[in-house]
Each structure stands twice: as C-alpha cells, then as structure tokens.
Amino acid sequence: MKQVLTLGIVLLFFTSFTVKSSPHILVNADKTIEVAFELSPEKTAIYRVFYKNKLVINTSQLGIIREDANFYSDLKVVAISRAKKVNDHYTMLQGKRNEISYSANQYIVSLVNGKGEPMEIIFQLSKDGVAFRYYFPSHSKDIKKIIEEKTTYNFDSTTKSWLQPMAKAKTGWKETNPSYEEHYAMGVPVLTQPEIGEGWVYPALFETNAAWVLLSETGLHDKYCGSRLVYNDNAQALQVTFPQKQEVFPNGALQPESVLPWRTPWRLITIGTLSTITESTLGTDLAEPAIKMDTSFIKGGLASWSWVLLKDESVNYAITRQFIDYAASMNWPYCLIDADWDTRIGVDKLKELVEYGKTKKVKLLVWYNSSGSWNGTEYHPKSKLLTPESRAAEFGRLKEIGIAGVKIDFFGGDGQSMIAYYHELLKATAKYQLLVNFHGATLPRGWQRTYPHLLTTEAIKGEEFITFGQPDADKQPTHCATIPFTRNVFDPMDFTPMVLDAIPGITRKTTPAFELALPVLFLSGIQHIAEIPEGMAKMPSYVVDYLKDIPTNWEDSKFIEGYPGKYIVMARKKNNIWHIVGINAENVAKTITIDLSFVTQTNGFLITDGENGFEKLPVTKAKPLSVTIQPNGGFVVKI
C-alpha cells in the first residue's frame, strides 16, 4: 500500500493535537522527507521514512527499556503535536562552514506505557534529514537505568553499505581497542555481518532506492553511553546497541543511567544525494550549543609533527627545535611534541622550547596518555588526568608554561563513565584555555560545537597506520576516498595527512598530488602534517608556497562529484578564494570537468601529477576546467 495521505487527511492531522488516525505523517518544510509513525498491533512504536515519496527506511522500531519500566511495548499515544518550526543560527570556529543556519519541523509524540508513565519521542525533520531523541519528562531523584534501546533501522536487503566495524574491546596493541581504527567494508550488502562480531560504528552510509542515507548520533552528553549498530536477526534490522562490558572508566557505569528528567542523544538520518551527505551539518545542528567560555585563544591551522615518520627517538630537544623552525618556515602556527616528552625533554627544556617558539610565532602542543588501568600502554605522561585535582595541577602547569594545547591518547571505549571522562577533560581544558586533540578515541559526535576548543579527534585509521605496514598502505587510496562520505562528514578528523616524499620501509601507493589534496579534503581544526623537513625540501617552490596557506576554518564547502571508495572532488572557500581538490582511488585515470562558475576570482592555478613529479598549470574561470586524475592520483586548484 502506498504510504501517502490525501490532502484532506493531512489538513485534519495538522489542525489537531489529538490522535485521529494511523499512520501519522510527519514532514519537513519542503515535503521531500516524510516519517510515517504509528503503533503496531503489539502496541510498539514503529516508523517508516520516505524520501521524495520513495521508501528508504522500512518499518523500524522505537522504544526504550529501563530497568524499572518498559517504554517499548504496551504503549499508548496520548498526543502528537502540530508541526512547530525550529530555527537556529550558530558559528563554528572550524569545519566545512563557519556560519550555519538550521531549520526544521518539530513534532513531539507523547506516549505512556502500560503503567501510565510518560515518554516523549521528539522528531525534527529538516531539508537534509530526520533527527529524533527520547525524553522522560517526569521528575525523580532516583537513578534510572536504561538496559536496552530498541531503535532500529530497517533497510531493503538490496541496500549497499559502507561500514566501519567496531573492534573487540581490550584487543590490539596493549589492549587499546576500541578506538574507531578499522578499515571500512565498502559497498557490501546491508545484511553483512562484521567479522569482528561487535557491530558497526557511526557514521554508517547506505545507498538505497535511489537515495543515500547516513546514520549517526549527536548530542552525546555525560548521562549516556556512545552507541553503535548491530544487526538484529529477529527484527531484521540494524539496532542501536550499547558498548561492550569492558568499555568503562574504572568502577564507572557502562550503560545509561540518570535521574529524571532525562533525554537521550539525537539519532540522525541524513537523506538525499551524495551532495546532501557531504555538505550536511546535521551533526552540529543538533549538538549542544557552545558552553560559556573565552574563545579568544582558539585558532586552527597546520602543525609540524616529528613522530609519525621519525617515531620515538625524534622526541628530543634538538629535533623539536628543528620542527619549530620547520613550522615557522611554512607559516604553520603549531608544533606537536609527542609521547614521553616529560623524560626525553623534561619540563625545564620544554619551557625553553616554548620561549624559542615564541620568537618564531609557533606554539607548542604536548601529548598525554589518558589511561589509567584500562590498557597496558606505557607511554607517558600517564595517569596524570584521572581526577579533578590532578587535571587542575597538570593543566594549570601547562597554562603557566605557555603550552597551547594537549593531545590526549588511549581512551577506553564508549561506556557512560568513559564518555563522562571526555566531558570532564573538555571542561577542564576550557578553564585553562588549552586546545584539545583526542587520539585513540571515540567519534566526537558534535562535541566540537559544544566545546569549541576541541579542534580535532583521531577516530580513524590514519597516516600512522600507513607507516606501520604495507597492507594498510595498499588500502590507503580507497580508504581516503571513503572517509569524506562517512567518518569526516560531521566531525573533525585527525588523519595526520600528507607524505609527499617517502615513508621509511613502505611502498607508497598514492601519488604526490593525491597526498597534496588531503589537508583540504579532510576536515580538522588542526592538521598535523606528516611530511618532515627533509621531504619538504625536495618539493617545488610552488608546492611549498601552496602549503603555507591552508585554512582549517572554511566559510563554505561544495561537493563537486565522486563515489565512496572510488574518487571524490570537493571545493572549499575561504576569503573568496576557492580550494578545489580531488583524489582518484582507482587504478585507471579519470577525467572530470568542473564548471567554475561558482568561484569568485578570475584566475588561479592547478597542481597535479606530471610525468616527472608535480606539474603546475594556469586556471581561468572563463571556461570549464578539465582535469585528468592519474591512477591513485590527485590534484589541487586554488582560484
């Protein structure tokens, strides 16, 4: 049966708060997205999602089971509110767009369970998707615990999926999993089960019924755990699922628990074309607004970093001083000092480096091990951030010395207590005006809006893995061509990109122009550049000059064309200058034509792969730009 209401029924529905019919159709402003909500014969809440009158998510479940109450079965709809327009405008200090407006139709579905206890499901339908969350409006000082979230996403079996598997907790090097560092399954059937057996992480991408759908979550506060997707055989759908039992701060909560009232994070369903997906800002639109804090110290940019290619022995006074000089020569504002700096350099010498950096207009970032007992890592400083008192002492000392920010590594998963630890770190660093980079970490889920000093988070199999072994290097082209459609759509990603010259012991599969495109293609408030001074010295002067002016706080972003895992071309604007970059992950050359009518300036340049290295060519707005991208190659345009 076609799930479309007549005009008369629609008008009846929108002029009444009481429930007259089923299903109830919720729509966005331009009526391109619809949610059909109703109760099943078993009195469970179910929904379907339509895009341009085509079904993209089939009958799926909603509901929560608390330890003390069932909000899944035996439900009754009390009321469904009229469409209420919600609008928001906010500014981001980093990312794909700095001035962002959000508009949606909000509907509140008021339910009671068999005992008459209330729960609301709040839906918001915007031009690019659906968001919903659960809300318990009652007041209680007793701790309530959620033992299962029944939310499911039921896709047609022909749906193709791009999914990153969740790692098994306490596996991997020094038991540091999970940290969102697995390779994607690309274009696989939606019914595919991950070999690891722990489900899939967000964001998860699907192609179904002539539409693209991206699932994720945002607004993850300290009274909820991070979730992931596991295929439920009984429901025949992907279900929102809680973390593994090991993913906790010592002696802390795993699953959600809180007093009432209580809201869950937003569940996000971005729907449309690949342009819709890559240009969407739903992940920050629904995130909590920024906390009250002084943001004057927050500045993005590029950073030099010795460790990724030179490893542990590079963390010393002399090499760090060289990398400060390197950053200064490239007009980059930061230099990152990695693990064991407290003994390899020491606090006194660190102070000297800070003062030296000031003379070069380069600020220093330092590494910390977040972990206590939850893994076997030995890198230090370690166990310095576990309590409010130790955080205050450590961050206060860094502030006094003049350190600009911290890279905090090796977190323990997505349990509620570990999520609360992230929030505690972000609040403490805000107080001491320290920039933050989380590594070995979870997906930030919009935290960069709530805490503007969170400039980046790893949560990806990045450049360091390419330096560890050939298998990861072999997969780099397709991996890099997938993550702009998935991991990096909403949240900053510290991939630590770009090796233009050579990686010790590794045969690089990408061309230099492929690598040159990555700092613009990938979004991160700070881009920690992998290339070292010796490699940069081999590059043409026009490549070096290009890298001296790479923004991280873009005014706008535009998807040109691409396909997950195969290729992508993106354009980003700053100060009326457009940076257009592309990479090709396939083994055959690809020629594309770009209509430059959207750019502001008249003339610019193209850098791409020539026969003997880089090649630079002029570009003009007067005619379409034809670019041939070499196999595993790339290009950059600045105009």
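Predicted model: local features only at pLDDT ≥ 70, side-chain atom pairs only at ≥ 80, totals over all residues.
1. Start with the length of H7. The helix runs over residues 347-360, which makes 14 residues. At 1.5 Å a residue, H7 should span 20 Å.

2. Next, the buried side of H7. The buried residues are Leu350, Leu353, Val354, Tyr356 and Gly357. Seen down the helix axis, the buried residues of H7 fall within an arc of 170°, so they line one face of the helix.

3. The face away from the buried side carries exposed residues: Asp348, Lys358 and Thr359.

4. Lys361 follows H7. The phi of Lys361 is positive, near 60°.

5. Move on to His439. This residue sits in a loop, between strand S25 (435-438) and helix H10 (447-450). Is His439 buried or exposed? Its relative accessibility is 2%, under the 20% cut-off, so His439 counts as buried.

6. Finally, the surroundings of His439. Its side chain makes a polar contact with the side chain of Asp494, at 2.8 Å. Leaving aside neighbours within four places in sequence, His439 is in contact with Lys407, Ile408, Asp409, Phe410 and Phe411, and also with Glu458 and Asp494.

How values were computed
Residues numbered from 1 in each chain as written. Heavy atoms only, no water. Helix = DSSP H or I, 4+ residues; strand = E, 2+ residues; numbered from the N terminus. Buried < 20%, exposed > 50% of the residue type's maximum accessible area, 1.4 Å probe, protein only. Polar contact = N/O pair within 3.5 Å; in protein donor to acceptor, adjacent residues only side chain to side chain. Contact = heavy atoms within 4.5 Å. Expected span 1.5 Å × (residues − 1). Arc of directions from axis to C-beta.
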